[in-house]
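Subject: Handover of a structure and its findings

Dear colleague,

I am handing over the structure below for your attention. Please look through it before reading the notes that come after it.

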Amino acid sequence: MTSTDTTFWSGKTFDDFLFRPQKGITETRRDLSLRSVLTGSLSLELPIVSSNMDSVTGAEMTQAMATEGGIGVIHRAMSIERQARKVAQIKRSQSAVIKQPLCLPLGATIRQARKFAAQHAITGILIETEPGSNILAGLLSRRDMPWNRTHDEQPVERFMTPFERLVVDAPGISTEQASEVLFEHRIERLPLVDAERRIHGLITRRDIFSLRERPYSSKDDKGRLLVGAAIGARGDYLERSAALLEAGADCLFIDIAHGHSTVMEIAVNEFRGRFGNVPLVCGNVATAAGARFMRAIGADAVKVGVGPGRGCRTRLETAAGVPQLQAIREAWQALEDSIPIMADGGINTDKDIFLALVCGATTVMLGSALSGTDEAPGRVIEDPVTHTKKKIYRGMTSPEAVLESHYDPDNAEALDAALDTPPEGQELQVPYKGSVKDILHRIRGHLRSSVSYAGEATLQAARDKILKHPQHYLIPLSPAAYRESYER
Ligand code: XMP
């Protein structure tokens, strides 16, 4: 950084700037592309990532994020098996063909089928002739499931639609042909089998509709939604990684509060030794040296942000941190575009996202902005006095989050050890906000407007323009200009 740069960025964050509007070149903002890079091999049509926090990203949030063109990172405050199951649930949830549909054998009971459907969040179960045979015997859909619990010990065979009455098709069928068959027979599911009745896949009406309506969804090369998952840097992280990758995770996140550390270096080394080039986002850092360190140890993308988050107390308790826009800029000046930068934390309004992107980030991670939604884990709480609806949002090192994730009646020492570190996070109640899809729709619209004010037709072009010479475009605000701009 030159000394002029240092003066320009020092101590600055999102609310310290406006950008100078440029001559608009598009007639409509609706089609402006917001495509951006997540890692070297993955890109997103909406450069938004939902944070790996237990009050933000579980399976529902991850599915909504990828459906809308972003990506969710499933938090790790749960057992390896549970986290892997959530990854697998997303990978199965929306693809033209579900390659390995879940099956139960003929001998299974209705009780087992109910549990299985709930566990994997599915509404139709293929029934195979015997465990592992992969030979189709029938289909048990939600409609076949008896309402009356007295049938719980009965075998599924009694209620399923048997193979002889099922509409099935051959494995090579195209999505268009499959949708015609589904419509012609007014059915929800089409199992794909060969001449020996061996199961090769399943096509569902819901997935076909969803694919058509949202061409911008984030998908892998098999048409399945993209999923990220957090692994941490100590303890079971290698075992966790293996299970998450096996379940189909597209991108793993090693993020710890102080990423510029030996712990991170060891973790990434071990990870690379075992899993090779799997996309790996590492964080968090807040300095040029930290960003260079992440590139040197083999991160595919570096996550930037120490202490800007709404649930964070790091800066208050330790005085460590760098104002977020300054941190993003320093990281970009150190790395340029050699590896992507993910800005993490401190986003209060949609304009902050645009500033993060044109000052150096290629994606932006959001926690509180996506919290309080239907898709965020946790219940809606109604205030008994005001009747306003709220949900909980909490830092991952808040006492409440630590307590919940480490509680084990058989291992009190583990909980004591976890609680021994003073918290650097806090719990808040946030207003209930309805579906996250509405929030993402709003963000998409505002980002497109920002691109248009920047005089470009794509986010990429706006970023290229402002990134190289931000001083030409950004206006530092006086206290009066700040009041005029942001106080309402
Ligand atoms: P926002 O502002 O979007 O920030 O809510 C989300 C980010 O906050 C970080 N995070 C924490 N930081 N103590 C911290 O210092 C915590 O307990 C904590 N929990 C989450 C994290 O980077 C997240 O993406």
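The notes below take up the ligand site, the nonpolar cores and a few points of the backbone. Please keep in mind that this is a predicted model.

**The ligand site**

Aspartate 344 places a polar side-chain atom 2.5 Å from an oxygen atom of the ligand. The ligand taken alone exposes 520 Å², and 89% of that is buried by the protein.

In soluble globular proteins, nonpolar side chains tend to be buried together. Here the largest nonpolar core comprises 91 residues, and Met294, Ile353, Phe354 and Leu370 have the most contacts inside it. Helix 12, which spans residues 350-359, supplies the largest share of this core with seven residues. Leaving aside residues up to four places away in sequence, methionine 294 touches Gly259, His260, Met264, Cys282, Gly283, Val285, Ala299 and Val302. There is also a second, separate core of 15 residues, with Leu104, Phe116, Ala137 and Val156 among them.

**Points of the backbone**

Glycine 283, one of the residues touched by methionine 294, is joined to asparagine 284 by a cis peptide bond with an omega of about -5°. Asparagine 284 belongs to strand 14, residues 280-285.

Arginine 197 has a phi near 70° and sits in the loop between strand 10 (189-193) and strand 11 (199-204). Its relative accessibility is 27%, so arginine 197 counts as partly exposed. Glutamate 336 has a phi of about 45°, and its place is in the loop between helix 11 (324-335) and strand 16 (341-344). Glutamate 336 is likewise counted as partly exposed because its relative accessible area is 46%, a value between the 20% and 50% limits of that class.

With kind regards

Methods
Residues numbered from 1 in each chain as written. Predicted model: local features only at pLDDT ≥ 70, side-chain atom pairs only at ≥ 80, totals over all residues. Heavy atoms only, no water. Polar contact = N/O pair within 3.5 Å; in protein donor to acceptor, adjacent residues only side chain to side chain. Areas by Shrake-Rupley, 256 points an atom, 1.4 Å probe, with all protein chains shown as cover. Core = buried A, V, L, I, M, F, W, Y, C linked by side-chain atoms within 4.5 Å. Buried < 20%, exposed > 50% of the residue type's maximum accessible area, 1.4 Å probe, protein only. Helix = DSSP H or I, 4+ residues; strand = E, 2+ residues; numbered from the N terminus. Contact = heavy atoms within 4.5 Å.
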